[in-house]
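Here is a short briefing to read alongside the model. Please keep the viewer open as you go through the points.

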Amino acid sequence: MKENYLTYPCKVMRITQSYDGRTSHEPHMTGNPKDYSLDEGCSNSGREGFYCPCDEIRIKRIYGVGNGGTNTLFFESTKKCVFPDGTTDYASGLIIHPNDSDLKRLKEGQKLKRGQLVCYEGTDGASGNHLHFSFGKGKLTGNGWTKNSKGKYVLTTKNGTYKPEQLLFVDPAFTKIIDSKGLKFKELPKYTKGTYIVTADTLNVRTGPGTNYPKVPYKKFKAAGKRQIKKLKGKDYKKDHFVKGMSLKITQIKNDVWGKCPSGWVHLDYTKQKG
């Protein structure tokens with residue numbers, strides 16, 4: 001994973017209340033300001049975890065340990081993230097209900113890497129083990145939350161709160177979906193920008209991202225591509241395709257499987273990303 005995608009933070013998605021839930025969440029999203037919170041129950045067996053959802057987060061604030069209020073953890077990404085809505089920004093969030101035992105082992109300023117455990121489901125301020133969380137764009141503002149016009153404490157970030165499906169990709173290799181409560185999450189892109197090695201014996205280059213576009217002939221390959229072909233196949237090899245072993249710098253992805261290199265577009269299923 002080369003891009004800093006923001007991904008769903010639990011290994012099992014079993015949302016027990018969405019952001020429009022009448023049990024308690026509707027006032028969060030209908031008040032002013034608002035956030036879009038989820039209750040996550042995971043697989044409903046024991047206490048399961050919330051994991052760092054991007055390359056790195058920093059714990060910004062820990063609230064409520066002991067009898068000071070309902071336990072809440074606030075965090076920010078340390079660099080900008082890529083979101084399913086096509087934008088990039090810092091990501092911030094809050095997690096409510098972890099137990100004291102989880103929050104006592106964390107400290108403000110602590111950094112966690114992608115996939116590291118942040119905390120487990122808890123019951124602080126709740127009748128059963130689960131986690132309440134919400135996300136926003138930009139760094140936290142103020143102390144991370146405020147009471148809205150409906151009397152609910154909501155996340156506050158520099159560039160606003162968003163629906164989770166707008167900010168969180170699902171990595172199917174990490175998260176199993178049991179119940180999304182009808183929310184449509186975009187899966188993590190199969191390919192990202194970077195360097196790729198051609199693995200097929202021959203690979204067509206096209207003028208656009210699809211087989212309906214014309215093939216690019218050898219004479220229109222960029223000089224660097226021709227040099228690689230000459231090195232791999234000999235100076236007399238001038239056929240209208242790339243060859244196995246070539247290194248391609250992919251600067252753009254379209255339709256999840258097409259990558260743009262200097263000479264044109266190639267189907268990335270016939271390549272392997274380097275590094």
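One aromatic cluster is made up of Tyr-8, Phe-50, Phe-75, Phe-133, Phe-135 and Phe-185. Keep in mind that this is a predicted model. Two members of that cluster, Tyr-8 and Phe-50, turn up again among the residues that touch the most other members of the largest nonpolar core.

**Aromatic pairs**

- The count of aromatic pairs comes to 16.
- In one of them, the ring centres of Tyr-8 and Phe-133 are 6.0 Å apart with the planes at 65°, so this pair is edge-to-face.
- That pair links distant parts of the chain, since Tyr-8 sits in the segment before E1 and Phe-133 in strand E11, 125 residues apart.
- Both Tyr-8 and Phe-133 are buried.
- Trp-145 and Tyr-153 have ring centres 4.9 Å apart and planes at 40°, so their pair is tilted.
- Trp-145 counts as buried because its relative accessibility is 12%, whereas Tyr-153, at 41%, counts as partly exposed.

**Nonpolar cores**

- The largest nonpolar core has 34 residues, and Leu-6, Tyr-8, Phe-50 and Val-118 touch the most other members.
- Strands E1 (12-17), E4 (56-63), E5 (72-77), E8 (91-96), E10 (117-120) and E11 (131-137) each supply at least two residues of this core.
- Leaving aside residues up to four places away in sequence, Val-118 touches Phe-50, Tyr-51, Cys-52, Ile-57, Leu-73, Ile-95, Arg-105, Leu-106 and Leu-112.
- A second, separate core holds 21 residues, including Phe-221, Met-246, Cys-261 and Leu-268.

- You will find Asp-89 in strand E7, which covers residues 88-89.
- Asp-89 is buried but has no salt bridge. The nearest side chain of opposite charge belongs to Lys-80, 5.3 Å away, while a salt bridge calls for the atoms to be within 4 Å.
- A polar atom of the Asp-89 side chain lies 3.5 Å from the backbone nitrogen of Gly-138.
- Beyond four places in sequence, the residues touching Asp-89 are Lys-80, Cys-81, Phe-83, Lys-137, Gly-138 and Asn-159.

**An exposed glycine: Gly-125**

- Gly-125 belongs to the loop between E10 and E11.
- With a relative accessible area of 60%, Gly-125 is exposed.
- Not counting residues up to four places away in sequence, Gly-125 touches Thr-70 and His-97.
- From Gly-125 to Asn-204 the C-alpha to C-alpha distance is 59 Å, for a separation of 79 residues in sequence.

Methods:
Residues numbered from 1 in each chain as written. Predicted model: local features only at pLDDT ≥ 70, side-chain atom pairs only at ≥ 80, totals over all residues. Heavy atoms only, no water. Helix = DSSP H or I, 4+ residues; strand = E, 2+ residues; numbered from the N terminus. Buried < 20%, exposed > 50% of the residue type's maximum accessible area, 1.4 Å probe, protein only. Lys, Arg positive; Asp, Glu negative; His and termini not counted. Polar contact = N/O pair within 3.5 Å; in protein donor to acceptor, adjacent residues only side chain to side chain. Contact = heavy atoms within 4.5 Å. Core = buried A, V, L, I, M, F, W, Y, C linked by side-chain atoms within 4.5 Å. Phe/Tyr/Trp six-rings, centres within 6.5 Å; stacked < 30°, edge-to-face > 60°.
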